[in-house]
Amino acid sequence: MSSALLLPPVTFLIFIVLGMVFSRIAASWGAQGEDSPGKYESYACGQTGFANRVTPDYSQFFPYAFFFTIMHVLVLIVATVPADTLTLPLLYIVAGILAMIILFRR
């Protein structure tokens, strides 16, 4: 029975249930507040009903994130493969070089 409690799905479900119980207990201790007409409306810097005028553009960030992700995965795979394995690291190195060529070609 005790070994079944250590299985990841069982442990995950136990912690989810515990988290829900603790959340309910903490919510009952917290201040409830009154319902008012504008309680759930957006509010920022003393202004109500404002329109969002800024839309962030992440297109300049993507190449850096892609480069970091490819290099990170490549180094982790090559550094952690067994010493007698040669095919997998070489395949990942070739895929990483191909990804960098595609990235820097744009």
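Read from the N terminus, the elements of the protein follow the order α-α-β-β-α-α, giving 4 helices and 2 strands. The model is predicted. Of its 106 residues, 6% count as buried, and the accessible surface comes to about 9,800 Å², with carbon and sulfur atoms contributing 70% of that area.

Helix α2 covers residues 8-29. Its 22 residues should span 32 Å at 1.5 Å a residue, and the end C-alpha atoms lie 31 Å apart, which agrees with that expectation. This helix is hardly covered, as the count of buried residues among its 22 residues is 0.

A pair of aromatic rings is described by the distance of the centres and the angle of the planes. The structure holds 2 aromatic pairs. In one of them, the ring centres of F62 and F66 are 5.7 Å apart and the planes meet at 25 degrees, so the pair is stacked; the cut-off for stacking is under 30 degrees. Both residues belong to helix α3 (residues 62-80), where a spacing of 4 residues separates them by about one helical turn. F62 is exposed, at a relative accessible area of 52%, whereas F66 is partly exposed, at 28%.

The rings of F67 and F104 have centres 6.1 Å apart and planes at 55 degrees, so this pair is tilted. It links distant parts of the chain, since F67 lies in helix α3 and F104 in helix α4 (residues 87-105), 37 residues apart. F67 is partly exposed, with a relative accessible area of 36%, while F104 is exposed, with 62%.

Methods:
Residues are numbered from 1 along each chain as its sequence is written. This is a predicted model: local features need pLDDT of at least 70, side-chain atom pairs count only at pLDDT 80 or more; totals for chains, interfaces and linings use all residues. Side-chain values use heavy atoms; hydrogens and water are left out. Buried means under 20% relative accessible area, exposed over 50%, partly exposed in between (1.4 Å probe, protein chains only). Accessible areas come from the Shrake-Rupley method with a 1.4 Å probe; for residues, only the protein chains shown count as cover. The expected span of a helix is 1.5 Å times one less than its number of residues. Rings of Phe, Tyr and Trp (its six-membered ring) pair if their centres lie within 6.5 Å; planes under 30 degrees apart count as stacked, over 60 as edge-to-face and the rest as tilted.
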